[in-house]
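Here's a quick briefing for anyone opening this one for the first time. Take a look at the sequence and the model, then read on.

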Amino acid sequence: MTDVVSPVAGISKPKAARRDIGIKRRYAAERRFRAYGIAALAFGIIFLMVLLWSVVSKGYTAFQQTMITMPVEFSQQVIDPQNERAANPQKLMTANYPIVARNALAKVLGVGADDRVGLRSVGQMLSDGVRVQLRDMVVANPAIIGTTQTVTLLASGDIDSAFKGQIDLNVAQENRKVNDQQIKWMTQLADSGALAKHFNGGIFVNGASSRPEAAGVGVALIGSFYMMLIVLVLALPIGVAASIYLEEFAPKNRFTDLIEVNINNLAAVPSIVYGLLGLAVFVNFMGMPRSASFVGGLVLTLMTLPTIIIATRAALKAVPPSIRAAALGLGASKMQAIFHHVLPLAMPGILTGTIIGLAHALGETAPLLLIGMVAFVANYPTTPLDPSTALPVQIYMWANEAERAFVERTSGAIIILLLFLILMNVGAILLRRRFERRW
Amino acid sequence: MNTSLILLILAFVGLVGYFAGGRHAMALVGGLSSKLHSRPGYYGSFVAIWAIVPAVVILFVWLVASPIYISSSIRGAFPEDVKAQSEAEQGLAYGMISSIARGMNALTNEEIERIGSNPVDLRAALATKGVPLAGDPKPYMVKAAGDLNVMTDISRITMTIVVLAASLAGAFLAYRQIAPRFRARNRVEKAILVSLVVASSIAILTTVGIVLSMLTEATHFFTHIPAWEFFFGTVWDPRFAAAGSGGSEGQFGLIPLLLGTLYIGFVAMLFAVPIGLFSAIYMSEYASPKVRSVAKPLLEVLAGIPTIVYGFFALTTVGPFLRDLSSQLNGLVTGNYSNFIQAQSVLTAGFVMGIMLIPYVSSLSDDIITAVPRALRDGSLGLGATRSETIKKVVLPAALPGIVGALLMTASRAVGETMIVVLAAGVAARMQINPFEPMTTVTVKIVNQLTGDLEFTSPQTLVAFALGITLFVITLCLNIYALYIVRKYREQYE
């Protein structure tokens, strides 16, 4: 039976050189392929770093603000020359406070009262916000009129930029916003310690302002907070209810199939389409107010629902059937088995999904633009029905401002937004680590 | 009584009903809960549900219906010459009447009598109360405003009575039904089930809302501009809607916007697909678990960053960088230091959008590559193929349909992306092929047309809805097809 094989096996071939199967070439290809993979991964991660670095390096200075500390004389001559404040309290509201501040600074710098050009330059070094600051001081305590107090005042945005080194001083004087005299004064004040950078609490509490040094995200934070609250209150119960029905009760029929396909598609609908829906249905048809965080919250709720439903269904699916069987076996009804046993076990997964959905909603801009949240709102909204803006929308509005100081503000606002997102995501991760069970 | 107070009262009635119901059930069986059909809490819930749900339903129906009824009856009583005016003018008149009505509520009775019906005085008086009017009110408006206030008050009082009565009646009837053998649990569970069904149909309602709202507004638009001019027009020049003039007709051609959208999306995919795909392959086939556990979350951070941040990054970093780079390159080659890449360009927007899309491509295709059965890889490796050969010749072909599905989903995201293109792509609607020049997209134009003052009758505003439905249909088709492919592919290996 070896007849067939033996002739071949019998011949002892001289040892031939190894057949070239291109092993070198193939290994080189293998290394190349691997290198492509590493390069792609590295590219992605490097760009993440570049993006974060570019935002942080532009924005961290926004958390410091240049301020000038100096003695300010609340002169009766300027504030209330006719001494009529007792009869007419309105007088104190409309007095010319910027002049008070300007005179104080001029005195510190030794600029004469008759040097009008000099005085104007001095005035430009202070922010327009001093009007409100000094007015509030005087209105709160009219007794300080006629006295001299040491006050810390906001420097103007241009001086702030110059002091932070963001203005190129090699450019000719005419082409930049601060002149040489102001720079000299600025250095002089800085040397004496009067002008210094302070922590900028204003960026967290102030409302919109056309002056970069006085602009803040306070109103936007409130608006975003209202919206997140509305999304949480509406989307979580509705999403959980919908997923319980679809996962545990729904019979397999056309209708539930339709709902299922629907939810998957809604998750992929561009967010701007939700904005159009909100504008047409909530604002135009139902007559809800434009720019209100309530409407924004509703739109974001609809947008977040599919995310929450998908996460909840996955969490419910992960609870093993034995739990349900045990509860049913002890005589619980189906509803009791689900609400008393399955749902609590699925809760960590549901909450994780919800937080991630909320984080997504917090960063969403496009639908809010359409329902009119691009608004200049300087006052805090007291209810969700008042006009307000949202954090990402504020970023969008500042990004469109031309002034240099607004770039810094924008990056600062982005840092705040990213911090919130990091906080939420870390919370979600911790929740998952702490409570997640593997069955 | 205002709505929130009514809701508060309803909640209180419900709470009382809950405890009363539970107690009543226990009392009926002398404290032996084992004799009850259901746990006492279910009896309480049964009462609470009957106390709250019907009343709330009535409340909301009333709140929606009564303003519509009141406004139609006020408009019906307009003088004949006002009725002859256009719909928009009547709307303005009605708006004025409702602000007069609002202002009159703020005035005291003496003030109203003193003013009488002198329109100028009325306007001044209302202004002091913080209700500015657009013009001097006409006498019929003042009368209508009075009627409006009366009707609103009557409606409000009736509503309060009806709702509270419904709540009490519901609670009472439910309370009466309680008996030891009464199947309260089954009733309550039925109610919960109904609420679950309602919650899950909200998804359907959202879709219906999207489609209906956009279709109706788009149909309005197509009465101004013929559909074929919109879909096949090559010039986008909407002009401005002058307030009140009804808007001069501009040109609304979709083609330049669509081309811009597709071009920018294409450039984005050009960056995202190779990078995302190679990262996915590396992470699923080569990387050690340790590298994977670091790299995968890092890449996913890219997906968590809001698109407005990408837009800002494109606007202030990438755009100027590309512009300066091009001027330096141009200078080195030709000696002429002028930039050939604009700061806002297809390339800038596409590139940044590509970065944003990397994690989508990589995590979707990662899942799909991991789903390819181990046996296929082992077979190939066992025959002597290197890893890369296995991936190229076995794994990728097997995963191809799934990957195509994933890419389609990513493409639909690129088409619908808004903030990056709003900030980085430019606003000029042009048809050209140079990637270094700005182009604009459908989403940018939706935002442009809808920010600022709106007038829901002008084609300049309504065109946004026509653009929106186009966008919706495109992304829907891409997604349905992608889901279909992915599902079919998954079945293949299960």
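Let's start with two helices of chain A: helix H13 (residues 271-285) of chain A and helix H14 (residues 293-318) of chain A have axes that come within 9 Å and cross at roughly 130°. Axes here are lines fitted to C-alpha atoms, for helices over the stretch in contact, and angles run from 0 to 180 degrees between N-to-C directions. Keep in mind that this is a predicted model, where local features need pLDDT of at least 70 and side-chain atom pairs count only at pLDDT 80 or more, while totals for chains, interfaces and linings use all residues. Residues are numbered from 1 along each chain as its sequence is written, and chains are lettered from A and ligands numbered from 1 in the order in which they are written.

**H13 and H14 of chain A**

- H13(A) and H14(A) are therefore oblique to each other; angles under 35 degrees count as roughly parallel, over 145 as roughly antiparallel, 65 to 115 as roughly perpendicular and the rest as oblique.
- H13(A) goes past H14(A) in a right-handed crossing (left-handed if the near helix is turned anticlockwise from the far one by less than a right angle, right-handed if clockwise).
- On the H13(A) side you'll find Ser271(A), Tyr274(A), Gly275(A), Gly278(A), Phe282(A) and Val283(A), and these meet Val295(A), Leu298(A), Val299(A), Leu302(A) and Met303(A) in H14(A). Being in contact means that the C-beta atoms of two residues, placed from the backbone, lie within 7 Å.
- Sorted by class, this contact of H13(A) with H14(A) has 8 nonpolar, 3 polar and no charged residues. Ala, Val, Leu, Ile, Met, Phe, Trp, Tyr, Cys and Pro count as nonpolar, Asp, Glu, Lys and Arg as charged, and the others, Gly among them, as polar.
- As for the labels, helices (H or I, at least four residues) and strands (E, at least two) are DSSP runs, numbered from the N terminus.

**H18 of chain A and its two partners**

- Helix H18 (residues 391-399) of chain A packs with helix H12 (residues 307-334) of chain B: the axes come within 10 Å and cross at roughly 15°.
- That makes H18(A) roughly parallel to H12(B), and H18(A) passes H12(B) in a left-handed crossing.
- Pro392(A), Ile395(A), Tyr396(A) and Ala399(A) of H18(A) make this contact with Ile308(B), Phe312(B) and Leu315(B) of H12(B). By class, that's 7 nonpolar, no polar and no charged residues.
- H18(A) also packs with helix H19 (residues 404-435) of chain A, at an angle of about 160° and with the axes 9 Å apart.
- H18(A) and H19(A) are therefore roughly antiparallel to each other, and H18(A) passes H19(A) in a left-handed crossing.
- Residues meeting here include Leu391(A) and Trp398(A) in H18(A), with Phe406(A) and Arg409(A) among those in H19(A). The contact of H18(A) with H19(A) has 9 nonpolar, 2 polar and 1 charged residues.

**Where the chains touch**

- The contact takes 68 residues from chain B and 66 residues from chain A.
- Which helix gives the most to the side of chain B that touches chain A? That's helix H8 (residues 184-224) of chain B, with 19 residues.
- The residues on that side of chain B divide into 43 nonpolar, 21 polar and 4 charged.

**A sheet in chain A**

- In chain A, 3 strands form an open, antiparallel sheet in the order S2-S1-S3. Two strands pair if DSSP finds at least two bridges between them.
- Strand S2 (148-154) and strand S3 (195-199) of chain A stand at the edges, each with a single partner strand, so one side of each has no neighbour in the sheet.
- The twist from one strand to the next averages 40°.
- Strand S1 (residues 64-73) of chain A pairs with S3(A) over 5 bridges, and Thr66(A) stands opposite Lys197(A) in S3(A).
- S1(A) is joined to S2(A) by 7 bridges, with Pro71(A) opposite Thr150(A) in S2(A).

**How confident is the predictor?**

- The model scores ipTM 0.86 and pTM 0.86.
- pLDDT is the predictor's confidence in each residue, from 0 to 100. Chain A has a mean of 85, with 96% of its residues at 70 or more.
- Chain B averages 86, and 92% of the residues score at least 70.
- Over residues 1-10 of chain A the pLDDT is below 50, and beyond near neighbours in sequence this stretch has 0 contacts in the model.
- Where pLDDT is low, the predicted coordinates should not be read in detail.
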